[in-house]
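Please read the points below with the model open beside you. They are short notes on how the chain is packed.

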Amino acid sequence: MTTVITVANLKGGVGKSTITIHLATAAQIAGIPTAIIDIDPDQQAAAKWSDSRNSDRPYVFSAVYSRLAQSISDAESKGINLIFIDTAAFEQKILTASVKVAHLILIPCRPTAQDVQYLTATTEIVANHQKPAAIVLNQVEPRLPETIQARSLITKLGLSLTPMYLSKAVAYQRSIAAGLGVTEYEPNGKAAKEILNLLEWISRLLLVSTDIPIDK
Ligand SMILES: Nc1ncnc2c1ncn2[C@@H]1O[C@H](COP(=O)(O)OP(=O)(O)OP(=O)(O)O)[C@@H](O)[C@H]1O
Ligand SMILES: [Mg+2]
């Protein structure tokens, strides 16, 4: 069966497309036939990244939220085992449709009070559909007091956090600008290790088999 991970947050600019692209590329390299379904109608960030790339793996499908089930079937018929859905900000219908088909919802969030306060708009929809979800802190500068405050506020809200975070790092941006995932761009860099650790955590949780060479 194909595993579907939706990357969602109704807030804009939190790292949905960035995390989708890097996780999907890392999964493909780890030997899992992987696709991205891009249902952000305006930005199409993952689809544009795919156009700029010298490889058609991971597959990136541009799709509309109202035909997600058909897009997932199309991907399955191409032998895809893992799908990441890149979603849009401020679009409840898109979020709801992508939550319904997901086995796990990953919710990127920057460690700021504004981002954390806005989380419940997304987590309430996820909870209404009784889907497992985890917040992944992104653009983290670990020494800032805001980071510690954000973690504690998220815990107080009773929301689940992934055990690892993603740092603020230019490699995440530069790799996408180069048409690459960060694990291709700087395989031994800190950002690549963060993505591989997150992918390993996801694959253990969802029992997706990988052959990821983890360098702890
Ligand atoms: N860990 C990171 N380190 C540095 N820059 C990052 C990181 N994550 C995301 N960014 C940058 O933050 C900006 C927003 O990221 P991204 O486009 O992935 O967010 P998004 O949630 O998909 O936005 P939208 O809601 O508009 O679709 C981009 O310029 C991206 O390069
Ligand atoms: Mg985006």
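1. Of the 216 residues of this predicted protein, 50% count as buried, where buried means under 20% relative accessible area with a 1.4 Å probe, protein chains only. The model is predicted, so local features need pLDDT of at least 70 and side-chain atom pairs count only at pLDDT 80 or more, while totals for chains, interfaces and linings use all residues. Residues are numbered from 1 along each chain as its sequence is written, and side-chain values use heavy atoms, with hydrogens and water left out.

2. The protein has nine helices and six strands, taken as DSSP runs (helices: H or I, at least four residues; strands: E, at least two) and numbered from the N terminus. Its radius of gyration, taken over C-alpha atoms, is 16 Å, close to the 17 Å from the globule rule for 216 residues, so the protein is as compact as a globular protein of that length. The rule is 2.2 Å times the number of residues to the power 0.38.

3. Which residues have the most contacts inside the largest nonpolar core? They are Leu23, Phe84 and Leu106, in a core of 29 residues. A nonpolar core is a set of buried Ala, Val, Leu, Ile, Met, Phe, Trp, Tyr and Cys residues joined through side-chain atoms within 4.5 Å. Elements giving two or more residues to this core include β1 (3–7), α1 (16–29) and α9 (190–206).

4. Leu23 touches Phe84, Leu106, Ile195, Leu198, Leu199 and Ile202, leaving aside residues up to four places away in sequence; contact means heavy atoms within 4.5 Å. A second, separate core of 17 residues includes Ala8, Ala102, Ile107 and Cys109.

Terms used:
Chains are lettered from A and ligands numbered from 1 in the order in which they are written.
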